[in-house]
Amino acid sequence: MRKQSRYQQGSIRKVPRATGFAWEVRFSEWQNGKRHQRTLTFDAVVYRTEKDVRKALEQTVSQVNAGAGARRADAKFMDVCTLYRQEHL
């Protein structure tokens with residue numbers, strides 16, 4: 001059994017919200033020898049179809065599955081800003 005982080009494709013489902021719906025992407029990953037379920041939520045106003053969500057995830061999924069850039073794949077916006085300030089300013 002493979003115990004490194006990988007998204008494969010995950011499962012996407014529509015989740016009702018008070019004002020419409022959201023997209024929920026569910027996948028599992030291995031951390032410290034244990035399997036953990038993770039969930040990402042995408043706003044339906046920005047991502048209108050399941051195809052739009054898959055397109056947004058495409059680069060992240062390929063990086064994590066390849067084992068390259070896993071750290072970059074989960075980067076938050078402020079992490080990117082901090083890195084830019086440290087290395088380029």
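Is Arg-54 buried or partly exposed, and what is its relative accessible area? Arg-54 is partly exposed, with a relative accessible area of 31%; buried means under 20% relative accessible area, exposed over 50%, and partly exposed in between, with a 1.4 Å probe and protein chains only. The model shown is predicted, and local features need pLDDT of at least 70, side-chain atom pairs count only at pLDDT 80 or more, and totals for chains, interfaces and linings use all residues. Residues are numbered from 1 along each chain as its sequence is written, and side-chain values use heavy atoms, with hydrogens and water left out.

**View A. A salt bridge between Glu-24 and Arg-13.** Side chains of opposite charge can pair when their charged atoms come close. A salt bridge is a side-chain nitrogen of Lys or Arg within 4 Å of a carboxyl oxygen of Asp or Glu, and by this rule the count is two. In the pair of Glu-24 with Arg-13, the closest N and O atoms are 2.6 Å apart. Because Glu-24 belongs to strand β2 (residues 20–31) and Arg-13 to strand β1 (residues 11–17), the pair ties together parts that are 11 residues apart in sequence. Strands (E, at least two residues) and helices (H or I, at least four) are DSSP runs, numbered from the N terminus. Glu-24 is buried at 11% relative accessibility, whereas Arg-13 is partly exposed at 41%.

View B. Glu-50 is partly exposed, at 34% relative accessibility.

**View C. The ring of Phe-21, with Trp-23 and Lys-14.** Rings of Phe, Tyr and Trp (its six-membered ring) pair if their centres lie within 6.5 Å; planes under 30 degrees apart count as stacked, over 60 as edge-to-face and the rest as tilted. The whole structure holds two aromatic pairs. In one of them, the ring centres of Phe-21 and Trp-23 are 5.5 Å apart and the planes stand at 90°, so the pair is edge-to-face. Trp-23 is buried at 7% relative accessibility, and Phe-21 is partly exposed at 26%. Lys-14 lies over the face of Phe-21, 4.4 Å from the ring centre; a charge sits over a ring if NZ of Lys or CZ of Arg is within 6 Å of the ring centre and within 35 degrees of the ring normal.

**View D. The aromatic pair of Phe-42 and Tyr-47.** The ring centres lie 5.1 Å apart with planes at 90°, so Phe-42 and Tyr-47 form an edge-to-face pair. Phe-42 is buried, with a relative accessible area of 13%, while Tyr-47 is partly exposed, at 24%.
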